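Hello,

Here is the structure I promised to pass on. Please have a look, then read my notes below.

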Amino acid sequence: MAEGELVRVAGAHDALGATVAQQAGFQAVWASSFEVSASRCLPDASVLTMTEYLAAAAAMQKAIDIPVVADVDTGYGNALNIAHMVHEYEAAGITAVCMEDKVFPKVNSFAAASHDLLPTEEFARRIRTAKAAQRGEDFYFIARTEALISGLTVQEALERCAAYADAGADAVLIHSKRRDEQEIAEFLAGWDGRRPVVIVPTTYPQLSATDAHKHGASVVIYANQGLRATVQALRDTFSAIVQDGTSLGVEDGIVPVSDIFALQRLDDWLALEA
Ligand code: SPV
Ligand code: MG
């Protein structure tokens, strides 16, 4: 980002997905609350606890050499919880956290539910708390506004993000659930560039990373495509095995066991014994 390059980030929920994302060429991994909760068939609704999300993010960060950007929802409570969250994530070696301006408990941005926001000044106070809690230089805090998700205007989203940047956020994330990229483009055109902008083009996949960068985005997160691909692959494979009465028909479409050994770095582990 410092060199003005676009950073592409893939969502994951475990070390395996994070490793595959790194191998595919992503520059960072998003420890998605949607994915982590879905991996346990639970809703992305502040049901899991901070320690559970942290364990998932830490397992990913431990397995890969690129940064993990941990989705920490609303920060798991009030200012005390947020300070504790920063201490714990930083101590676990997580590179970055992203906290959103919704009220706890939150629900996933695409859920047909109300998305109530904290007052701007209250969230700004929480950002100041988070940045004051950070011990090292390198821990990175992304402030996410759900203004557009909750039905506010682009202007209100811009004002919120400006306040969050002034409170010390290292970057801002603007989320949208529209099927076109219009309000994201409008946001980027109106942003004064005082901090990098992160976007999540889940509902507007037609916006390419290159075009997003031209509009002014610094980071693009592909938040859940890996999870959705996994479910599709599991469904196809399992149903074929059940229908065919053999796994022969799926063998050509699945990786060999040796690929899994490589992901487990089995040779490195066996070398320890030698
Ligand atoms: C996530 O991946 O958990 C996110 C992005 O926060 S979204 O699901 O679009 O809210
Ligand atoms: Mg999330």
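How far is an oxygen atom of ligand 1 from an N or O atom in the side chain of Asp71? The distance is 2.8 Å. That is a polar contact (a pair of N or O atoms within 3.5 Å).

First, the ground rules. This is a predicted model, where local features need pLDDT of at least 70 and side-chain atom pairs pLDDT 80 or more, while totals for chains, interfaces and linings use all residues. Residues are numbered from 1 along each chain as its sequence is written, chains are lettered from A and ligands numbered from 1 in the order written, and side-chain values use heavy atoms, without hydrogens and water.

**Ligand 1**

Residues around ligand 1 (a heavy atom within 4 Å) include Phe34, Asn108, Arg144 and His175. Trp30 has a side-chain N or O atom 2.9 Å from a ligand oxygen. For Ser32 the value is 2.7 Å.

**Helix packing**

Helices here are DSSP runs (H or I, at least four residues), numbered from the N terminus. Axes are lines fitted to C-alpha atoms over the stretch in contact, with angles from 0 to 180 degrees between N-to-C directions.

H3 (residues 50–63) packs on H4 (residues 79–91) at about 25°, with axes 11 Å apart. H3 is therefore roughly parallel to H4 (angles under 35 degrees). Met50, Tyr53, Leu54 and Ala57 of H3 meet His84, Met85, Glu88 and Tyr89 of H4 (heavy atoms within 4.5 Å).

H4 also crosses H5 (residues 120–133) at roughly 35°, their axes coming within 8 Å. Among the contact residues are Ile82 and Val86 of H4, and Arg126 and Thr129 of H5.

Best wishes

Technical notes: Helices (H or I, at least four residues) and strands (E, at least two) are DSSP runs, numbered from the N terminus. Angles under 35 degrees count as roughly parallel, over 145 as roughly antiparallel, 65 to 115 as roughly perpendicular and the rest as oblique. A polar contact is a pair of N or O atoms within 3.5 Å; within protein, one must be able to donate a hydrogen and the other to accept it, and residues adjacent in sequence count only if both atoms are side-chain atoms.
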